[in-house]
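This report goes through selected sheets and helix pairs, and ends with a note on confidence. Please keep the sequence and the structure at hand while reading.

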Amino acid sequence: MSAFCGEALPANSIFVFLHEHRDVLFPDEMFADLFAAVGRRSVPPSVVAAVMVLQRLEGLSDREAVDRFTFDARWRYAAGVGGWDGAGRAGFAHTVLVDMRERLRRSERPDRIFEVALTAARNAGLIGRRRVLDSTPLYDAVATMDTITLIRSAIRGLLGVAGPDLAGLLRVVLHGLSSGDDYTSSAKPLIDWDDKPAREALIDSRARDGHALLAALDGREDLPEPVAQAMRLLATVLGQDLETGPEGTLRIARKVAADRVISTVDPQARHGHKTNHRGFDGYKGHIAVDPDSEIVTATVVTAGNTGDVEPVADLITDLTDPDGGRGNGTAAVYGDAAYGAAEILDRLDRAGIDAKTKVQQPVAPTGKFTKDRFGIDLDQQRVTCPNGTVRPIRRVKDHPRHAGKADFGAACTTCPLREQCTNAKTGRSITIGHHEARLTAARARQQDPAWKADYRATRPKVERKIAHLMRRRHGGRRARMRGRIRIAADFNLLAAAANLARLATLGLTHTGHDWTLHPA
């Protein structure tokens, strides 16, 4: 059967690649630290690692992966376990995969499978000095909760971790209140949901229950950490959605908290927006890709409401670290307008990296003159309007974005271009950012035809890679677990599996000393 697989499978198949190079990629000693305190199960780590890669490529559950390993000849060929004549390993419990993920997560090198694939690509000269960045939504694996469900769930969670004695004390507190809710069921209380006063009374009573429990535990220093975490979650839930009404009742606030917890089951998930008109609940997966080899060089997972700017430093560490990436030529980073922020341009410039990120052109409401119609002279610290009026730039202190401002004020009153410029009663104002010169230079540079051609030829490659990673065959966008750390590990493993499949497609071979695309 092994000879049959070797002849029947394409030479650039991931199954053939793992069969030939599994022991080089995943030697058992590479995982020795995971089993130093508690011994491993009888399944060799190299076999488990190969199964994890194939599992993530096909988007399978743990039970499905073990089933595939047991009965699919290609998987057994890739894992090198034989068993065609009944003498090899028949299978293993799906909990072996659960155990391996947890050991990796708690280790000092949780992303070692990704690192192995990246090192092989780097040693073969496949990783250059260019990176393309982008992000994609990862939908959470839990239901988004409304306010009343959040409050009741947070209270139930606190009662659940409190322990018998403390839980009994807290239930005495609840019995002294008027809600009458024992919080043993996750179902919503039975009320007439079309009756507004009934809904308001329900919210007020459950919120007061939550505040009473927090007051009962306030100041206690002997609380276990799970109880303290449950208290913090309850306090967050109560504080993010509620306000005190005119009559002293607690009601839902007519606003959405900036960092709103949307589920007590996965409290790290957040409301996110990929565009102004497209929202999602969950997380964001961020990647950096080498556009020439199409190898993913870094991954980061953040909450859904995190901007694309924040994880950039972690995505390009191999370009900014003196001991990091190898390769010839000037480093360059490509990205859409989400990566054209001034702080990104500044970071790349200070690191000597060519910024191929788009910078948005200035905008103005209802067709008015945009900012680039004004002459901004930073050397002379003055701004000239389209009508020729000159105003000095006055300094703005302690503002995170604005360094200065030019006010045209009274000059706009008699200006013949006023209707084309502003509707403000106080006249037009022009703000000057801390990185105004850098943004202006970037906008001018991206008008160059050569710059546009390079951007159009390079930038779409990351979108294709994301589309590839998010295919239904790989599990789609739906997160397979809860919590940012576990989802980040799973996203990183997906990138590792995709990289290994890419290396197989490219024909990477280990010569006994190093990796190469062209063995001698």
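## The sheet β9-β10-β11

In this predicted model, an open sheet is built from 3 strands, which follow the order β9-β10-β11 and pair in an antiparallel way. Strands β9 (375-377) and β11 (390-392) each have a single partner strand and stand at the edges, so one side of each has no neighbour in the sheet. On average, and with direction ignored, neighbouring strands here are turned by 20° against each other.

Strand β10 (residues 382-384) is joined to β11 by 3 bridges, and the two strands run antiparallel. Within this pairing, Thr 384 has Val 390 of β11 as its bridge partner.

## The sheet β12-β13-β14

A further open sheet, again of 3 strands and with antiparallel pairing, has the order β12-β13-β14. Its edge strands are β12 (394-395) and β14 (429-433), each of which pairs on one side only.

Between strand β13 (residues 402-407) and β14, which run antiparallel, there are 5 bridges. In the model, His 402 is found opposite Gly 433, a residue of β14.

## Helices α2 and α3

Helix α2 (residues 14-25) packs with helix α3 (residues 45-58) at an angle of about 160°, and their axes are 11 Å apart. Because angles over 145 degrees count as roughly antiparallel, α2 and α3 are described as roughly antiparallel to each other. The crossing in which α2 passes α3 is right-handed.

On the α2 side, the contact is made by Ile 14, Phe 15, Leu 18, Arg 22 and Asp 23, while α3 contributes Ser 46, Ala 50, Val 53, Leu 54, Leu 57 and Glu 58. Sorted by class, the residues of this contact between α2 and α3 are 7 nonpolar, 1 polar and 3 charged.

## Helices α7 and α19

What angle do helix α7 and helix α19 make where they pack? For α7 (residues 112-123) and α19 (residues 484-506) the angle is about 30°, with the axes 8 Å apart, and this makes α7 roughly parallel to α19. The crossing of these two helices, α7 and α19, is left-handed.

From α7, the residues that make the contact are Ile 113, Phe 114, Ala 117, Ala 120 and Ala 121, and from α19 they are Asn 492, Leu 493, Ala 495, Ala 496, Asn 499, Leu 500 and Leu 503. The contact of α7 with α19 comprises 10 nonpolar and 2 polar residues, and no charged residues.

## Helices α8 and α11

Helix α8 (residues 147-161) and helix α11 (residues 225-241) cross at roughly 165°, and their axes come within 9 Å; α8 and α11 are therefore roughly antiparallel to each other. Where α8 and α11 cross, the handedness is left-handed.

The α8 side of the contact consists of Thr 147, Leu 150, Ile 151, Ala 154, Ile 155, Gly 157, Leu 158 and Val 161, and the α11 side of Pro 226, Val 227, Ala 230, Met 231, Leu 234, Val 237, Leu 238, Gln 240 and Asp 241. In the contact of α8 with α11, 13 residues are nonpolar, 3 are polar and 1 is charged.

## Confidence in the model

Over the chain, the mean pLDDT is 91, and 97% of the residues reach 70 or more. Confidence in the chain is lowest in helix α1 (residues 2-8), where the mean is 84, and highest in strand β6 (residues 295-303), where the value is 97.

Note on methods
Residues numbered from 1 in each chain as written. Predicted model: local features only at pLDDT ≥ 70, side-chain atom pairs only at ≥ 80, totals over all residues. Heavy atoms only, no water. Axes fitted to C-alpha atoms, helices over the stretch in contact; angles between N-to-C directions. Helix = DSSP H or I, 4+ residues; strand = E, 2+ residues; numbered from the N terminus. Parallel < 35°, antiparallel > 145°, perpendicular 65-115°, else oblique. Left-handed = near helix turned anticlockwise from the far one by under 90°. Contact = heavy atoms within 4.5 Å. Nonpolar A, V, L, I, M, F, W, Y, C, P; charged D, E, K, R; others polar. pLDDT = per-residue confidence, 0-100. Pairing = 2+ DSSP bridges.
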